Structure formats: structure tokens, C-alpha cells
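Keep the model in view as you read.

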Amino acid sequence: MQSSIIGKIEKAKRYAEEKDRVTFCELAVKFRGENNDYDTSYKDGKWSCTCSFFPKWGLCVHTMAMERILANMLPPEARTTQYDVSSLSTEGEPYSRRNLSYR
Ligand SMILES: [Zn+2]
């Protein structure tokens, strides 16, 4: 019994390093801006944010920051800004093997 939970913990550690196993379907965060806090969320394929910039542009510094924080943990349709994700990957390595280190 105890050895099986130890095995699960070890597997969880490995999974935690392999972030591309995880894709957010929806999320909601409290984003602490310089002057105010904002509710930033992603649901049903759409971002939203309570800041004044968002309604006009459909994106804002908060959604863009979340895209950077979560990167490949977001579904492609959530990545509205086409920043260079290749900078996150190790040159020439397949998508699923990048940034993995086993300690
Ligand atoms: Zn915002």
C-alpha cells in the first residue's frame, strides 16, 4: 500500500515537469495590476478581463501575461498573441521532450 503511493508521488513529480501534458480548458485568476486587481479568465474559447483596455481590443496586458505564464498549457485557440513559443523549446528536440529535466 505504502509503496504504491510512493510510486504515485514519483510519477506526479515526473508529470509536473512535463507541463505539456496539461491543457487548461478554462481558468479564472485574480490579476494584481499596478493600481487595481482584475478578474482575468478564459472560458469557452474566449478570454475576458475586467480592465478597461480589454473590451476594446479583446486582449490586454493581463491576458497576454497569462498566455506567457501558461504558454503550451493553453489550447492553441487561447494563444491570441503569436509570440515566439519556439524560444521555450530546446532546438531540434520534439515538442513533448522540451524543458524536461529529471532530477
Ligand atoms: Zn486586463
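Start with Arg 68, which sits in helix H3 (residues 61-70). Helices here are DSSP runs of H or I with at least four residues, strands are runs of E with at least two, and both are numbered from the N terminus. The model is predicted: local features need pLDDT of at least 70, side-chain atom pairs count only at pLDDT 80 or more, and totals for chains, interfaces and linings use all residues. Residues are numbered from 1 along each chain as its sequence is written.

Arg 68 is partly exposed, because 14 other C-beta atoms lie within 10 Å. A residue is buried with 20 or more other C-beta atoms within 10 Å of its own, exposed with 12 or fewer, and partly exposed in between; C-beta atoms are placed from the backbone. Thr 81 is 13 residues from Arg 68 in sequence, and their C-alpha atoms are 9.3 Å apart.

H3 also has a buried set: His 62, Thr 63, Met 66 and Glu 67. They fall within an arc of 145° seen down the axis, so they line one face of the helix. The arc is taken from the directions from the helix axis to the C-beta atoms. Just after H3, Ala 71 takes a positive phi of about 45°.

Helix H1 (residues 2-17) contrasts: of its 16 residues the number buried is zero, so H1 lies largely in the open.

Technical notes
Expected span 1.5 Å × (residues − 1).
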